[in-house]
Structures are given as structure tokens and as C-alpha cells.
Amino acid sequence: MKKSIESYNAFGKDKPVAEQSQYHMNCAEVLLRAANDTYELKIPEESFRMLQGFGAGFYSERTCGAFSGSLAALGALYTEERPSDQAKMTRVAKLLVEEFEKEFGSLDCDYIKKHHRDEVEACNPVKLRAGQVFDRVVAALEKE
């Protein structure tokens, strides 16, 4: 996932500085897009718009967007067709929460920004680490 995350973090950086904010992808979008690329989820392009409201912890510094995007990607990867007993997705969600909290100390954007955000790179390092968490969760599930 690292290569895809780095690519999305750099998206629009080749544009004039005044225009770069128009190309910015929030943490949720980046994690879902990177998982889509890496795990070949085949999520349609228009679906990524749904993640816009998840940036910056729902724009209120609540649940981290990188977490939300990761959970959405895991849903695309592991949710069964209906009817479904949802047991696998329940396990996936709990494992993601556990691993994310272990990595960052919280699920809250406010806390993560205070303790893990970089002054120069903003949340780009958080997105990279969230991608590592995502990969660990997938690896753990594949071992089961």
C-alpha cells in the first residue's frame, strides 16, 4: 500500500501552489484508493466521492479519516453478499480498532494530529502508518 499512498499524497503537487488544495485527497480517500489499487477491489471511481465527508475526523476532529477509509476498504474486501452472518466483518472491524489504537493511541483525529502529524508533511506520515496497519490486519485475517 505504501507506493499507492505516496502517490495519492503527492497528487496535485505538480500544479501551481495556489491550485494544489483543489487536488488534495483527505486521509479517508487516500486509504480507500490505496487499498483499492493494492488489493484490486474494483471500487468505481464515483464511489470515492462518498469519503469526502470523512476527512479531518468528519471535519470536527472526531474519528480519524485514515481509520474510516481503512474500515470502508476492509468492508469492500471482506463483507459477504447478503444474506450474511457478518461474523468476518465484525472480526475485521474489531481487529482494525485494536491495531489502530495500538499504533496511534487513539482513533480520534484530534489526538492523532497532536501526537503524530508532521509540521511539514501534515498527515501524510499518518496515512502511511495507517496503510501499514491495514496490511497487518489483512495479513492476520489471511492467517486465520
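Colleague: Which conventions, including the pLDDT needed for local features, apply to the values below?

Modeller: Residues are numbered from 1 along each chain as its sequence is written, and side-chain values use heavy atoms, with hydrogens and water left out. Because the model is predicted, totals for chains, interfaces and linings use all residues, whereas side-chain atom pairs count only at pLDDT 80 or more and local features need pLDDT of at least 70.

Colleague: Which residues of helix α1 are buried, and on which side of α1 do they lie?

Modeller: Helices are DSSP runs of H or I with at least four residues, and strands are E runs of at least two, numbered from the N terminus; buried means under 20% relative accessible area, exposed over 50% and partly exposed in between, with a 1.4 Å probe and protein chains only. An α-helix has 3.6 residues a turn, so residues three or four places apart point the same way. In α1, which spans residues 2–9, the buried residues are Ser4, Ile5, Tyr8 and Asn9, and they lie on the same side of α1 because they cover an arc of only 135° around the axis, the arc being that of the directions from the helix axis to the C-beta atoms. On the other side of α1, the exposed residues are Lys2 and Lys3, while the cover over the buried ones includes α2 (27–39) and α7 (124–143).

Colleague: Which residues have the most contacts inside the largest nonpolar core?

Modeller: A nonpolar core is a set of buried Ala, Val, Leu, Ile, Met, Phe, Trp, Tyr and Cys residues joined through side-chain atoms within 4.5 Å. The largest one has 37 residues, and the elements that give two or more residues to this core are α1, α2, α4 (65–78), α5 and α7. Within this core, the residues with the most contacts are Leu74 and Phe100.

Colleague: What is Leu74 in contact with, leaving aside its neighbours within four places in sequence?

Modeller: Contact means heavy atoms within 4.5 Å. With those sequence neighbours left aside, the partners of Leu74 are Thr79, Met89, Val92, Leu96, Phe134, Val137 and Val138.

Colleague: How many residues line the largest pocket, and which element gives the largest share?

Modeller: On a 1 Å grid over the protein atoms alone, a pocket is an open set of points with protein on both sides within 12 Å along at least five of seven lines, a cavity is a set where a 1.4 Å probe fits but cannot get out, and lining residues have an atom within 4 Å of a point. Grid points are joined across faces, edges and corners, and a volume is the space filled by probe spheres set on the points; by that definition the largest pocket holds about 400 Å³. Those closest to its centre are His24, Met25, Ala122, Cys123 and Lys127, and by class the lining has 14 nonpolar, 10 polar and 5 charged residues, where Ala, Val, Leu, Ile, Met, Phe, Trp, Tyr, Cys and Pro count as nonpolar, Asp, Glu, Lys and Arg as charged, and the others, Gly among them, as polar. The lining has 29 residues, and its largest share, 4 residues, comes from α3.

Colleague: How much space lies in the largest cavity?

Modeller: A search of the whole structure finds 1 cavity of 30 Å³ or more. Its lining consists of Tyr78, Thr79, Glu80, Ser84, Asp85, Gln86, Ala87, Lys88 and Met89, and helix α5 (residues 87–104) gives the most to that lining, with 3 residues. The space in the largest cavity is about 40 Å³.

Colleague: What is the phi of Lys42, and what is that of Tyr59?

Modeller: Most residues other than glycine have a negative phi, and most peptide bonds are trans. Lys42 lies in the loop between α2 and α3 and is exposed at 75% relative accessibility, whereas Tyr59 lies in helix α3 and is exposed with a relative accessible area of 52%. Both values are positive: phi of Lys42 is near 60°, and that of Tyr59 is about 55°.

Colleague: What separates the C-alpha atoms of Arg91 and Leu141?

Modeller: Arg91 is found in helix α5 and counts as partly exposed at 38% relative accessibility. Leaving aside neighbours within four places in sequence, Arg91 is in contact with Leu141 and Glu144. Arg91 and Leu141 are 50 residues apart along the chain, and their C-alpha atoms are separated by 8.8 Å.
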